[in-house]
Amino acid sequence: MGLQDDLERYREVGEERREDLAEFIQYGDLGGSRPDSVRIPIKIVDLPGFEYDQRDQGGVGQGDGDTPEPGQPVGEPQPQPGDEDGDPGEEGGEHEYYEMDPEEFAQELDERLGLDLEPKGKQVAEEVEGDYTDITNTGPDSTLDFERLFKTGLKRKLAMDFDEEYVREALRVDGMGPQAVFEWARAKHLPVSRAWIDDAYASLPAAERTRWTSIEEMEANVEQTDTATRIRREGIDHVPFRREDERYRYPEIIEEYEKNVVVVNIRDVSGSMREGKRELVERTFTPLDWYLTGKYDHAEFVYIAHDADAWRVDRDDFFGIRSGGGTKISSAYELAKEVLEEEYPWSDWNRYVFAAGDSENSSNDTEERVVPLMEEIPANLHAYVETQPSGNAINATHAEEIERSFADAGDVVVAYVSSPDDVVDAIYRVLSTEDDDE
């Protein structure tokens with residue numbers, strides 16, 4: 001099997017690639033990817049080759065010019081460059097890269113983490129024709145709903161049906177004329193018209209109009225047949241169709257919603273955010289950006305950096321910004337609220353507000369300002385990711401306060417990242433919370 005075949009086989013094995021995906025998120029160089037293209041390194045299988053046995057090198061008369069040390073066995077291989085003591089596997093191996101778009105990345109991450117997040121649409125993108133399930137009063141003959149027409153006519157037939165012979169017998173009662181029979185029939189809830197009674201009475205010979213002496217005698221001797229029995233016995237000779245009963249099928253109009261999302265990424269760049277903390281922020285936020293880009297038809301991102309003040313930056317600056325200054329997390333949420341209200345109304349946009357930092361904040365700012373602001377900003381999900389490589393500092397309480405304040409909320413999640421090993425779990429915690437909320 002050649003190298004190219006080996007690479008193709010590796011790309012086709014989903015589980016192995018997903019393992020590479022998780023390792024890449026935790027430890028890989030995320031800077032090699034772009035917002036619209038994710039480059040996942042995959043290992044290249046070493047090909048077999050020939051190597052000389054080092055024991056065949058050196059020996060009497062074959063040295064490199066140095067005088068052998070006393071007691072050194074003849075033919076002992078001399079140390080070679082790279083043979084120094086050290087941990088095995090410290091040098092990186094060769095890699096090829098598998099490029100995927102964010103949609104494929106989202107699908108792979110869903111499978112890797114067992115997620116099934118289905119975004120909600122906010123704006124109507126287009127209207128398409130569905131099945132022919134809707135009905136109108138006009139249309140081409142080819143779309144006439146004949147089954148519906150037949151059922152409507154049949155219902156009318158059954159509603160208008162009565163035992164004609166039974167009513168004719170009432171007309172044979174001595175002294176009962178059309179008006180008296182009509183009133184008798186209506187009292188018995190027989191749906192017969194006065195016009196039909198007049199016609200039936202007129203067609204009776206005069207000798208037959210005195211067959212019964214009273215209506216009671218007629219009812220005692222003549223049995224009325226119900227509609228169901230009569231139809232089973234005689235069938236239906238016709239079903240009355242009317243023009244107004246006609247209905248025509250036309251396709252249901254389905255509104256397909258464009259799944260728009262805005263993601264507000266907030267990061268602490270105060271003086272306490274050293275390199276290790278910054279790296280964990282970027283390692284968590286970058287895959288989340290890729291994932292949501294792949295999940296939504298149209299994704300926009302707002303990047304906010306803050307120390308004691310907050311300001312909006314572009315993506316490149318956000319992921320490369322350095323630290324300095326004090327800390328006031330509420331300044332970032334104040335700016336986020338302003339941007340969302342002005343540019344991304346909740347009625348039209350799915351919203352995610354992701355913040356990250358070392359949980360250090362100015363006194364009382366979390367309780368008095370951040371929590372109320374989070375409550376005032378409607379979003380699919382609020383998330384805060386604490387990055388503390390060495391464990392919590394004494395004054396690193398922001399994440400715990402948020403967690404405590406929103407313990408019963410289904411749209412707020414807190415994750416803790418102290419090393420790259422925690423990144424995948426943090427991403428899962430964030431996205432599975434959104435999954436549950438959906």
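**Helices, salt bridges and a sheet**

Visitor: Which residues of helix 5 meet helix 6?

Guide: On the helix 5 side they are Tyr-166, Val-167, Ala-170 and Leu-171. Facing them in helix 6 are Pro-178, Val-181 and Trp-184. Keep in mind that this is a predicted model.

Visitor: At what angle do the axes of helix 5 and helix 6 cross?

Guide: Roughly 135°, and the axes come within 9 Å. Helix 5 covers residues 164–171 and helix 6 covers residues 178–187.

Visitor: Is that pair oblique or parallel?

Guide: Oblique. Roughly antiparallel would need an angle over 145 degrees, and the crossing is at roughly 135°, so helix 5 and helix 6 count as oblique to each other.

Visitor: Left-handed or right-handed crossing?

Guide: Helix 5 passes helix 6 in a right-handed crossing.

Visitor: New topic. How many salt bridges are there in the whole structure?

Guide: A search finds 16. Side chains of opposite charge can pair when their charged atoms come close.

Visitor: What does Arg-267 pair with?

Guide: Glu-282, with 3.1 Å from N to O. Arg-267 sits in strand 7 (residues 260–268), while Glu-282 sits in helix 10 (residues 275–295). They are 15 residues apart in sequence, so the bridge ties together separate parts of the chain.

Visitor: Are those two buried or exposed?

Guide: Arg-267 is buried, and Glu-282 is buried too.

Visitor: And which residue does Lys-277 bridge to?

Guide: Glu-360. Their closest N and O atoms are 3.8 Å apart. This pair links distant parts of the chain, 83 residues apart. Lys-277 is in helix 10, and Glu-360 is in the loop between strand 10 (350–357) and helix 13 (365–376).

Visitor: Why does Glu-360 count as buried?

Guide: Because its relative accessibility is 15%, and buried means under 20%. Lys-277 is buried as well, at 11%.

Visitor: What about Glu-376 and Lys-337, how many Å from N to O?

Guide: Their side chains meet in a salt bridge at 2.6 Å. Glu-376 is in helix 13 and Lys-337 in helix 12 (residues 330–343), so the bridge ties together parts 39 residues apart in sequence. Glu-376 is partly exposed, at 41% relative accessibility. Lys-337 is partly exposed too, at 22%.

Visitor: Which residues are linked in a network?

Guide: Glu-169, Arg-172, Glu-208 and Arg-211 are linked in a network of salt bridges.

Visitor: How many bridges join strand 7 to strand 10?

Guide: Seven, and the two strands run parallel. Asn-265 stands opposite Phe-354 in strand 10.

Visitor: What separates the C-alpha atoms of Ile-402 and Ala-383?

Guide: 9.5 Å, for residues 19 apart along the chain.

Technical notes
Residues are numbered from 1 along each chain as its sequence is written. This is a predicted model: local features need pLDDT of at least 70, side-chain atom pairs count only at pLDDT 80 or more; totals for chains, interfaces and linings use all residues. Side-chain values use heavy atoms; hydrogens and water are left out. A salt bridge is a side-chain nitrogen of Lys or Arg within 4 Å of a carboxyl oxygen of Asp or Glu. Helices (H or I, at least four residues) and strands (E, at least two) are DSSP runs, numbered from the N terminus. Buried means under 20% relative accessible area, exposed over 50%, partly exposed in between (1.4 Å probe, protein chains only). Two strands pair if DSSP finds at least two bridges between them. Axes are lines fitted to C-alpha atoms, for helices over the stretch in contact, and angles run from 0 to 180 degrees between N-to-C directions. Angles under 35 degrees count as roughly parallel, over 145 as roughly antiparallel, 65 to 115 as roughly perpendicular and the rest as oblique. A crossing is left-handed if the near helix is turned anticlockwise from the far one by less than a right angle, and right-handed if clockwise. Contact means heavy atoms within 4.5 Å.
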